[in-house]
Amino acid sequence: MAKYVVLRGLKTAPSGFPSPLEAMPGIAGAAGPAAPGMGDVAVETEDMSSSDVREVQRDPSVLGVARSMPIKLIEPMEVDAAGGAAPTWGVEAVGAVDSPFDGSNVRVAVLDTGIDKDHPAFQGVTLNQRDFSGDGDQDANGHGTHCAGTIFGRDVDGTRIGVARGVTNALIGKVLGDDGRGSSEMLFNAMTWASENNAQVISMSLGFDFPGFSKRLADSGLPVDIATSIALEAYRMNLRVFDRILALFQSRAAFNGGTVVCAASGNESRRDQNPDFEVSASVPAAAEGVVSVGALQQGSNGLGIASFSNTNPTLSAPGVGIVSARTGGGLATLSGTSMACPHTAGVAALWWHGLAQSAVPSTANSVVVRLLAKCRANASSPNVEIADRGQGLVQAPSANMF
């Protein structure tokens with residue numbers, strides 16, 4: 001017996017919405033591409049055998065089944081604290097300083113280790129917090145606080161840390177415990193919760209822990225090849241459930257504009273040891289429909305790719321020497337694609353704000369199209385390959401972009 005996650009479409013839906021069974025192509029009884037409300041989707045967990053799983057998969061109300069799999073934060077690297085009476089280099093590099101937009105009236109969700117709600121960086125922000133980890137909604141780890149600070153943090157001691165300082169309503173889902181670890185059902189529950197609460201941007205600096213899961217199975221007594229095979233199957237099943245949830249996000253776009261999902265590409269590459277030691281972006285960053293983010297660093301010939309940044313991101317953002325909020329007060333300087341992802345989430349909030357002020361429809365698709373189209377491909381040094389940086393350095397909207 002093992003724990004499984006079941007994504008189930010209920011037969012009833014809130015007023016004005018069809019159920020997912022009526023809305024999603026490829027599901028029994030599908031009637032067309034209408035939009036369900038995420039409130040009529042349930043994420044359930046149950047201990048099941050292989051035969052139980054096969055039986056559940058025959059149920060037409062089941063949208064996906066996956067073995068519960070560990071997730072963990074994308075571990076950042078801490079460097080000496082920094083600060084000063086000026087915007088951080090990342091905020092300047094993405095063009096947020098000169099943008100006329102600040103993310104006003106945009107709702108952002110940060111799915112991470114929680115937040116230090118008492119930090120001065122978050123004064124004036126309504127924080128809707130929910131704990132999915134079981135460790136309580138405060139951030140004893142610090143990762144979530146740092147990421148949230150980069151997205152919408154207010155100035156701290158004269159230092160600008162936030163890309164979208166006009167955001168006043170944020171959803172904080174704690175999907176990683178105080179040790180930076182969680183499980184896939186925590187993430188899936190948080191994603192559906194964020195959609196139910198009409199998040200326009202979701203930021204996730206985390207990943208599915210395939211190596212850790214495989215090792216755990218092997219340590220339980222399974223042969224290494226069997227453990228690897230089981231972990232690989234779990235990874236595949238979780239990716240399919242993740243894709244189903246993103247499809248539900250997309251189906252809601254006609255009703256609420258949809259959700260831009262940003263995820264860090266990962267820190268597993270080791271170019272500093274050998275240029276060939278590169279790892280491709282992993283789930284959730286590798287899932288279809290996700291804006292995956294690589295990390296750039298400052299260099300004498302322009303921005304370079306960080307040695308740890310995984311390949312094949314959608315685009316890139318500042319991710320080395322990033323100053324943001326520290327749990328308990330003050331500032332911390334961290335490096336990682338975890339730091340690049342919230343820069344992109346903040347820029348996405350600026351694009352939502354800009355579109356709302358224009359004649360262009362405000363939808364997640366419109367935001368993503370502009371995120372990609374306006375990237376600065378020439379911001380990085382000439383020796384940075386496209387596979388490393390994606391479309392280039394993400395850019396905030398300027399006044400003449402509409």
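**Figure 1. The open sheet of three strands in the predicted model.** The strands of this open sheet follow the order β2-β1-β3, and their pairing is antiparallel; strands, like helices, are DSSP runs numbered from the N terminus, with at least two residues (E) for a strand and at least four (H or I) for a helix. The edges are formed by β2 (41-48) and β3 (62-67), each of which pairs on one side only. From one strand to the next, the twist averages 20 degrees. The structure is a predicted model, in which local features need pLDDT of at least 70 and side-chain atom pairs count only at pLDDT 80 or more, whereas totals for chains, interfaces and linings use all residues. Residues are numbered from 1 along each chain as its sequence is written, and side-chain values use heavy atoms, with hydrogens and water left out.

Figure 2. Eight bridges join β1 (residues 2-9) to β2 in the antiparallel sense; two strands are said to pair if DSSP finds at least two bridges between them. Within this pairing, Lys3 is placed opposite Asp47 of β2. Helix α5 (residues 184-196) lies across β1, β2 and β3, and runs at about 165 degrees to β2. Axes are lines fitted to C-alpha atoms, for helices over the stretch in contact, and angles between N-to-C directions run from 0 to 180 degrees.

Figure 3. Thr88 is located in the loop between β5 (77-79) and α3 (89-93). Its relative accessible area is 9%, so Thr88 is buried (buried means under 20% relative accessible area, exposed over 50% and partly exposed in between, with a 1.4 Å probe and protein chains only). Not counting residues up to four places away in sequence, Thr88 touches Thr159, Arg160, Ile161 and Val323, where contact means heavy atoms within 4.5 Å.

**Figure 4. Cysteines without disulfides.** Zero disulfides are found in a search of the whole structure, a disulfide being a pair of cysteine sulfur atoms within 2.5 Å. The closest cysteine sulfur to that of Cys147 belongs to Cys341 and is 7.1 Å away, too far for a bond. Cys262 is likewise in no disulfide, and its nearest cysteine sulfur, that of Cys341, is 5.5 Å away. Cys147 is buried at 1% relative accessibility, and Cys262 is buried with a relative accessible area of 0%.

**Figure 5. Confidence along the chain.** The mean pLDDT of the protein chain is 88, and 90% of its residues reach 70 or more; pLDDT is the predictor's confidence in each residue, from 0 to 100. Over residues 12-36, pLDDT stays under 50, and for this stretch the model has 66 contacts beyond four places in sequence.
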